[in-house]
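Please work through the exercises below with the sequence and the structure beside you, and try each task before reading its solution.

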Amino acid sequence: MSPMIRIRSDEEEMDRVASSVGMDSSFRLVKVVSFLVIFVGGVILGLTASSHVNRYITTQTDLFFPTNRNPPIREMEKCLNCPFRSFLKPDNLTHSMTDEELFWRASMVPTKEGYPFKRVPKVAFMFLTRGPLPLVPLWERFFKGHEALFSIYIHTPPGYILDVSNTSAFYGRQIPSLDVQWGGITLADAERRLLANALLDFSNERFVLLSESCIPVYNFPTVYKYLIDSVRSFVDSYDDPSRYGRGRYSKNMYPEIKLKQWRKGSQWFEMNRFLAVYIISDTKYYRVFRKHCKPSCYPDEHYLPTYLNMFFQTLNSNRSVTWVDWSKGGPHPATFGESDITQGFIESIRNNGTVCSYNSEQTSVCYLFARKFAADALEPLLNLTSTVMKF
């Protein structure tokens with residue numbers, strides 16, 4: 001073979017090797033680039049997926065365990081430092097609960113014996129009013145110096161703002177209220193609403209319903225001891241066979257409420273915490289009254305007397321501790337004004353010859369409060385507080 005032919009053959013072989021090397025290099029470059037593209041794409045896809053997963057987890061966490069990531073410091077302090085105290089006694093009386101929600105909340109009763117705090121039993125004074133409280137100065141004098149032993153709750157027409165100073169015991173004590181039609185079921189609604197709001201304070205042990213025309217006829221220590229030490233409540237309840245008693249019973253109430261169980265009594269009651277919880281928890285019998293005890297029936301005069309007669313006779317004294325004068329006849333009791341207020345008149349209420357049962361013993365102290373007193377009776381009443389009523 002000639003040298004020229006060998007050289008050409010060698011050159012062709014070198015070209016093939018070079019071409020093969022070039023193709024291999026290009027292929028490897030393509031592979032590297034493809035790998036980088038796939039890797040970068042995977043990273044991007046992974047980051048995107050991770051973001052979605054994190055958002056999903058966060059969303060689900062917030063759904064089941066909602067948190068306020070940046071609450072105001074004041075809110076944090078309130079949540080961390082005050083929950084138990086607020087549960088025992090609301091910081092204020094303003095809330096947005098419906099009656100149904102309120103009654104459910106107020107019906108909660110601890111079953112554990114004792115209290116994890118020093119409980120001093122209080123008397124809740126619940127004022128059911130048409131608006132102004134003209135006798136506030138008298139009551140403020142009555143309450144002065146006993147702030148740890150009482151609570152005040154006021155039910156007024158919606159939107160009414162009580163005009164008292166911010167140092168008054170009545171300041172900030174209005175509860176969320178609804179319209180009241182006197183003689184209708186809404187009046188009984190208001191009484192239960194007052195009870196439920198007062199029950200939110202676990203220290204309230206006795207509950208007395210009063211009006212803007214009521215006055216105390218004894219000093220606070222006497223009233224407090226009389227109520228706190230009593231083993232029974234004071235809800236007027238009796239059988240009235242006339243058309244003003246049994247005559248108001250509706251046969252549609254049967255069989256839930258029978259005629260023989262029907263009772264009548266004054267709406268101005270006083271009761272202990274045990275009974276108050278049952279009253280605001282009752283749905284079955286209150287529904288019967290709402291449906292069948294129409295205005296001429298006067299539910300506020302029959303619901304409590306009948307309910308307690310049916311289920312808690314032994315826990316009730318069947319009398320009221322609020323004195324009222326019906327001697328002049330008519331649909332409303334007598335109202336006393338400035339000219340009626342004398343030392344002898346107040347003493348006649350305190351010691352009027354009535355004898356009643358108190359803790360299974362006879363006593364002449366039967367009435368702690370009295371009504372109805374007009375606004376112009378305030379000054380002469382204030383003049384008698386130190387000499388007659390002893391406050």
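Two exercises with worked solutions follow.

This is a predicted model, in which local features need pLDDT of at least 70 and side-chain atom pairs count only at pLDDT 80 or more, while totals for chains, interfaces and linings use all residues. Residues are numbered from 1 along each chain as its sequence is written, and side-chain values use heavy atoms, with hydrogens and water left out.

**Exercise 1.** Determine how helix α6 and helix α9 are oriented to each other, and which residues meet.

Solution. Begin with the geometry: α6 (residues 185-199) and α9 (residues 284-292) pack at an angle of about 150°, and their axes are 10 Å apart. Axes here are lines fitted to C-alpha atoms, for helices over the stretch in contact, and angles run from 0 to 180 degrees between N-to-C directions. Angles over 145 degrees count as roughly antiparallel, and α6 and α9 are therefore roughly antiparallel to each other. Next, look at the contact (heavy atoms within 4.5 Å): Ile185, Ala188, Asp189 and Arg192 of α6 meet Tyr286, Phe289 and Arg290 of α9.

**Exercise 2.** Locate Tyr298 and Ser360, and decide whether each is buried or exposed, or something in between.

Solution. Tyr298 is in the loop between α9 and α10 (303-311), and has a positive phi of about 55° although it is not a glycine. Ser360, in the loop between β7 (356-358) and β8 (361-363), is likewise not a glycine and has a positive phi of about 70°. Buried means under 20% relative accessible area, exposed over 50%, and partly exposed in between (1.4 Å probe, protein chains only). Tyr298 has 34% relative accessibility, so Tyr298 counts as partly exposed, whereas Ser360, at 60%, counts as exposed.

Technical notes. Helices (H or I, at least four residues) and strands (E, at least two) are DSSP runs, numbered from the N terminus. Angles under 35 degrees count as roughly parallel, over 145 as roughly antiparallel, 65 to 115 as roughly perpendicular and the rest as oblique.
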